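Please go through the points below with the model open beside you.

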Amino acid sequence: MSAKKPSDTEEEYFAKEETARLHALAVAKQRETEQHDLEAQKKLHWMHCPKCGFTLDTVQFKGLAIDRCFHCGGTWLDPGELEQLAGKEHGILNSVIGLFKHAPRASRDK
Ligand SMILES: [Zn+2]
């Protein structure tokens, strides 16, 4: 058998189309689930201390809104705030900044 009947070819075409459509739906559903999970994680952890889980309070310091845990005493900075605090001074703080400057960061919405 060298050639398929037209109906076989047509059936194969529609089966491939359906498979591609279902695959695209599965990918979209996966992305939706991942986004939903990220939002759920953010809602669960937003403004909670990463060390002890206590609620963080915002303290104004030198024009920055710094997140502080009054339970364990931890102080948390948002991206860029450490650099702002360090300013252009050289010293230990800039050494710490340099240490993390090129560290990869998971993408996230703020
Ligand atoms: Zn804490």
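1. Start at a single pair. Thr-58 has Asp-67 in β2 as its bridge partner. Strands here are DSSP runs of E with at least two residues, helices are runs of H or I with at least four, and both are numbered from the N terminus. This is a predicted model: local features need pLDDT of at least 70, side-chain atom pairs count only at pLDDT 80 or more, and totals for chains, interfaces and linings use all residues. Residues are numbered from 1 along each chain as its sequence is written.

2. β1 and β2 (residues 64–68) run antiparallel and are joined by five bridges. Two strands count as paired if DSSP finds at least two bridges between them. Asp-57 faces Arg-68 of β2. Phe-61 stands opposite Leu-64, also in β2.

3. Two residues separate β1 and β2 in their hairpin. Lys-62 sits in this loop. Its phi is positive, near 50 degrees, and Lys-62 is not a glycine. Is Lys-62 buried or exposed? Lys-62 counts as exposed, because 9 C-beta neighbours lie inside 10 Å. The cut-offs are 20 or more other C-beta atoms within 10 Å for buried, 12 or fewer for exposed, and partly exposed in between; C-beta atoms are placed from the backbone.

4. Arg-68 stands opposite Thr-75 in β3. The β2 and β3 hairpin has six residues between the strands. Gly-73 in this hairpin takes a positive phi near 90 degrees.

5. The sheet as a whole. Three strands form an open sheet in the order β1-β2-β3, with antiparallel pairing. β1 (57–61) and β3 (75–76) are the edge strands, each pairing on one side only.

6. Met-47 lies in the loop between α1 and β1. Met-47 is not a glycine, yet its phi is positive, at about 60 degrees. Met-47 is exposed, because 11 other C-beta atoms lie within 10 Å.

7. The whole chain. The protein has three helices and three strands. From the N terminus on, the elements run α-β-β-β-α-α. Of its 110 residues, 2% count as buried. Contacts tell of sequence range: among those between residues at least 6 apart in sequence, 2% join residues at least 24 apart. A contact here requires C-beta atoms, placed from the backbone, within 7 Å.

8. Confidence. pLDDT is the predictor's confidence in each residue, from 0 to 100. Its mean over the protein is 85, and 82% of the residues reach 70 or more. Which element has the lowest mean pLDDT? Helix α3 (residues 92–100) does, at 70, while helix α1 (residues 6–45) has the highest, at 94. Where pLDDT is low, predicted coordinates should not be read in detail.
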